Amino acid sequence: MVGRLACGWLAVALLGGCGGGETEAFPPVDELPSILDPPPVLESASADDWSARRAEIAELLDHYVYGGTPESVPATGTEAAPILDVEGGRYVEVTVRYGPAAAPPIVLGLFLPEGVSRSPVMLALNKCGNHSLTTDPRIPESTAWAAESCADESGETRGARASLFPVARILERGYALATFHESDVDPDDASDRDRSDGIHPHLPVEGDAPWGTLAAWAYGVSRAVDYLESSSLVDGARIATVGHSRRGKVALLAAARDPRIAMAIPHQSGTGGVTLSRSDGGESVMAITLFFPHWFTPGFADFAGEEARLPLDQHFLVAMVAPRPLLAVDGVDDFWADPPGARRSIELADEVWELLGSEGAVELGDGTFDLTADLAWTTRPGEHSMVASDWEIFLDFADAHF
Ligand code: GCU
């Protein structure tokens, strides 16, 4: 973790200028200026300057929000035999190993469409294990920790998340679905304040911004990409990350950090995802860091009630995906995930797509966005949930770009 700020917007706001080169260590919250409007994502109108600015943004997000990640440890994948026939295609489970030998592997479930070679891939975390996506008894039950809410009244978790993942329909539309149980990387345990479970003890992050669970999950997504990009079963150049809510935050974070991910579809990702921390609506930084402190680097909680002191906002994270396609989806009645704040974030990030030669977001006459453009935000009726019909929106967007 680099503890210094490059000369830029923040240095100017803090010091009134730079005087050349690097300036300040990342200041603590009480030394940061309070600025009500989200800071500008771009500091230069030249596309040549974007990669340096992008690197600076990545460091700001690591330091102040998510925590850093360890050096990349490329993963290896071992496919299980036999490949199973399932409705609409085939299923194979891949053991993805990375890091020290004792580190828990990722068990990547890969649903492959019938008759399509090297299909594009929708890559998504799941909450309860790969076996929770279908009622097929041949899919091995995850042995990793699962929340109590994964089980039905009889304690059964198989098929528990099937309504969120219309697997046969995804396959019918010609896409593979790659998914793994998030607990393979890090159990979603708010009491784990000292990062003692999951991948954390095996791959510690040195420095003053330890990684939280969202960063660990995103790191795991990249390890799945290590396997997918070299696999002959799918097209590693057409991987989209998809996720709902906390997993939508991860779909965005993983794509922001990993340029091999060709598309991001964060669904109702809310605070810590697409929506602005400075937004008046929805979940506050105080609420999210109170109930889910483990998701972030500990210092993010210092911005509770002090959002205006953040030297960034979530449109910085969105902008890191540019110029790759990104669709953010919200529910009209999903107050907590803050659809207006997400829309504003997309609008603020748009200038980076344009800088990089994309048309970016295209607002139509009725105030909605063109869902075939590279950057888009949309809502659908309803509240906070992921349902089968959401996938039609995701897959239509993917069809328009892949
Ligand atoms: C909570 C949390 C949100 C999160 C959501 C979810 O509501 O406050 O930030 O997105 O859980 O993951 O369903």
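A charge sits over a ring if NZ of Lys or CZ of Arg is within 6 Å of the ring centre and within 35 degrees of the ring normal. The structure is a predicted model, in which local features need pLDDT of at least 70 and side-chain atom pairs count only at pLDDT 80 or more, while totals for chains, interfaces and linings use all residues. Residues are numbered from 1 along each chain as its sequence is written, and side-chain values use heavy atoms, with hydrogens and water left out.

**Exercise 1. State which residue lies over the face of Tyr219, and at what distance from the ring centre.**

Solution. Apply the definition above to the ring of Tyr219. Arg223 lies over the face of this ring, at 4.5 Å from its centre.

**Exercise 2. Describe the surroundings of the ligand.**

Solution. Step 1: list the neighbours. A residue is near a molecule if one of its heavy atoms lies within 4 Å of it. Around the ligand stand Ser245, Arg246, Lys249, Glu283, Ile288, Phe292, Trp295, Trp336 and His384.

Step 1: sort them by class. The shell holds 4 nonpolar, 2 polar and 3 charged residues. Here Ala, Val, Leu, Ile, Met, Phe, Trp, Tyr, Cys and Pro count as nonpolar, Asp, Glu, Lys and Arg as charged, and the others, Gly among them, as polar.

Step 2: find the polar contacts, here pairs of N or O atoms within 3.5 Å. Ser245 places a polar side-chain atom 2.5 Å from a ligand oxygen atom. For Lys249 the corresponding distance to an oxygen atom of the ligand is 2.9 Å, and for His384 it is 3.3 Å.

Step 3: consider the area. Taken alone the ligand exposes 320 Å², of which the protein buries 82%; accessible areas come from the Shrake-Rupley method with a 1.4 Å probe.

**Exercise 3. Classify the ring pair of Phe26 and Tyr64, and that of Phe292 and Trp295.**

Solution. Step 1: recall the rule. A pair of aromatic rings is described by the distance of the centres and the angle of the planes. Rings of Phe, Tyr and Trp (its six-membered ring) pair if their centres lie within 6.5 Å; planes under 30 degrees apart count as stacked, over 60 as edge-to-face and the rest as tilted.

Step 1: take Phe26 and Tyr64. Their ring centres are 5.8 Å apart and their planes stand at 80°, so the pair is edge-to-face. Phe26 lies in the loop between helix H1 (9-15) and helix H2 (50-66), and Tyr64 in helix H2, so the pair ties together parts that are 38 residues apart in sequence. Helices are DSSP runs (H or I, at least four residues) and strands likewise (E, at least two), numbered from the N terminus. Phe26 is buried at 9% relative accessible area, and Tyr64 is buried at 4%; buried means under 20%, exposed over 50%, and partly exposed in between (1.4 Å probe, protein chains only).

Step 2: take Phe292 and Trp295. Their ring centres are 4.0 Å apart and their planes at 15°, so the pair is stacked. Phe292 is partly exposed, at 22%, whereas Trp295 is buried, at 2%. Ring pairs join both to Tyr66, Phe296 and Phe300 in a cluster.

Conventions: A polar contact is a pair of N or O atoms within 3.5 Å; within protein, one must be able to donate a hydrogen and the other to accept it, and residues adjacent in sequence count only if both atoms are side-chain atoms.
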